[in-house]
Amino acid sequence: MSGLRAAFEAGRFAVTAEIGPPGGADAEAVTRKADLLRGWVDAANVTDNQGANVRMSSLAGSVLVQRAGVEPVMQLTCRDRNRMALQSDLLAAGALGIPNVLLLTGDHPRFGDHPEAKPVFDLDGVQLVWTARTLRDDGVLISGKAVSARPAWLVGTVENPFAPPPRFRARRLAKKVSAGAEFVQTQYVFDFEVFERWMADLWDLGVTDHCKVIAGVGPIRSLRALEYMRTAVPGVHVPDEVDRRLRGVPADRVAEEGIRMCVEAVQRLATIPGVAGVHLMALGFEHGVPDILRRAGIPRPPAALPDHNRHPMEGIGHAR
Amino acid sequence: MGFGEQRAGGGGWPRPVVPRIGARLSYGLHRVLAANLLYRRLAAWLERRRPAYRWFTRVERVAKEQLYGCRMCGQCALPDTGYTCPMTCPKQLRNGPCGGVAADGRCEVHPDLVCVWVTAIERGQAAGHGADLDLLQRPVDHREWDRSSWVNYWQGRDDGLGVAYSEDDPRPLLRRELGLSPR
């Protein structure tokens, strides 16, 4: 059995990666990335207008990824849709057989390419998780109206263990889990001390019994990327030690050092009790994912969906 | 990112407000305003008398605007948030801070201001009401904007706005708790 649910059920260390849809009506761009990840990951997140920049929708991206033989995790944010649109997209994902959804509040439009847009935030991330769980398990919309057929996706969410207030972060995830989240992916883990304290808080709160924790990792492959990560990405905390290591090597070795640190991070995370897997964010570096996993000694997931090597448009209207 | 380039104010996005009045005093005032039969009758009377209701709402607006930066969503979450208004969060989050809070506790949208949830959690915990922050807050009913939240509270419409979950079953969330029943 392949896929995220199967990995969780078997207690196998799960690996997810990220596929950002293109800023154009370009199906090939999605399929190319999926081809690089197929057979190496349990599932791939398809982001929803990441960084508040307009991209192909995550629903379309998820369908394309699924057709290319990779299990999608459809991301859905509260930034661009009110509760009606969110619920209809959740139903659509169910109808198209998208096996996982990842529900989050989303970046504010001020960070993206349309800062003049109206921020919606009709629901917050916790309420969206709650809505999804009620939709699936009770078969009802927020209005109380029953749905004709229930979706079957797994409900995921995100948390940032590194953002203030530090001791509240585990409680915030506990809220999301009580609302219905079954797995969580975290922000990039560079600061292990803070991450381990957060994990300990999760154990204390009993969160780990109900929710699989997938730790976020990713290689920093240049000093420019390091600077960007430090200053421009909301909520990422890069400790000085990471800075020292990357600046301590010759310029032509920064990329390799960044990858090595990522490999070490995966290995270290795999030893932390309660960590059920890693989420490898290697934007624009999808081809490097297999290498990182191989070097970290993470076994490949069992054979995935049959590899059809399909044309991206093939099978439209025959989604699983 | 050019945080420095951002002009003052603007955006039309809500701006986090640090309340002008302490949390303990606010909880004290809450006891004065706590729902009882008299207030319920007053609320019912106000709802029958439009001009009176308008005046009452105006007073509530001025008082809460000055003290908490209230935006009159009509479904007050203040008693559950250390008397810090979550509707002044640029994302209007009702269930805690987003993941974008800067290391020094600043708001990601307004880097010159402290995240309203950082303030809320500090105030709630300092006043001995930290556990309220774990309540699940239902989605806002947008029909209630500009209505009196005091009247709504006295009329019992806010009951179950924040829902507790138990230790034994971490997900007892029934649809009637989530659904906003039509009025």
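**Entry 1: two helices.** I began with helix α10 (residues 254-270) of chain A and helix α11 (residues 289-296) of chain A, whose axes come within 9 Å and cross at roughly 55 degrees. Axes here are lines fitted to C-alpha atoms, for helices over the stretch in contact, and angles run from 0 to 180 degrees between N-to-C directions. That angle makes α10(A) oblique to α11(A); under 35 degrees would count as roughly parallel, over 145 as roughly antiparallel and 65 to 115 as roughly perpendicular, with the rest oblique.

**Ground rules.** I noted that this is a predicted model, where local features need pLDDT of at least 70, side-chain atom pairs count only at pLDDT 80 or more, and totals for chains, interfaces and linings use all residues. Residues are numbered from 1 along each chain as its sequence is written, chains are lettered from A and ligands numbered from 1 in the order written, and side-chain values use heavy atoms, leaving out hydrogens and water.

**Entry 2: who touches whom?** From α10(A), I found A:Glu256, A:Ile259, A:Arg260, A:Cys262, A:Val263, A:Val266 and A:Gln267 meeting A:Ile292, A:Arg295 and A:Ala296 of α11(A) (contact means heavy atoms within 4.5 Å). I sorted the residues of this contact into 6 nonpolar, 1 polar and 3 charged.

**Entry 3: chain B.** I listed 6 helices and 2 strands in chain B, in the order α-α-α-α-β-α-β-α along the sequence. Helices (H or I, at least four residues) and strands (E, at least two) are DSSP runs, numbered from the N terminus. Of the 183 residues in chain B, 46% are buried, meaning under 20% relative accessible area with a 1.4 Å probe, protein chains only.

Notes: Ala, Val, Leu, Ile, Met, Phe, Trp, Tyr, Cys and Pro count as nonpolar, Asp, Glu, Lys and Arg as charged, and the others, Gly among them, as polar. Buried means under 20% relative accessible area, exposed over 50%, partly exposed in between (1.4 Å probe, protein chains only).
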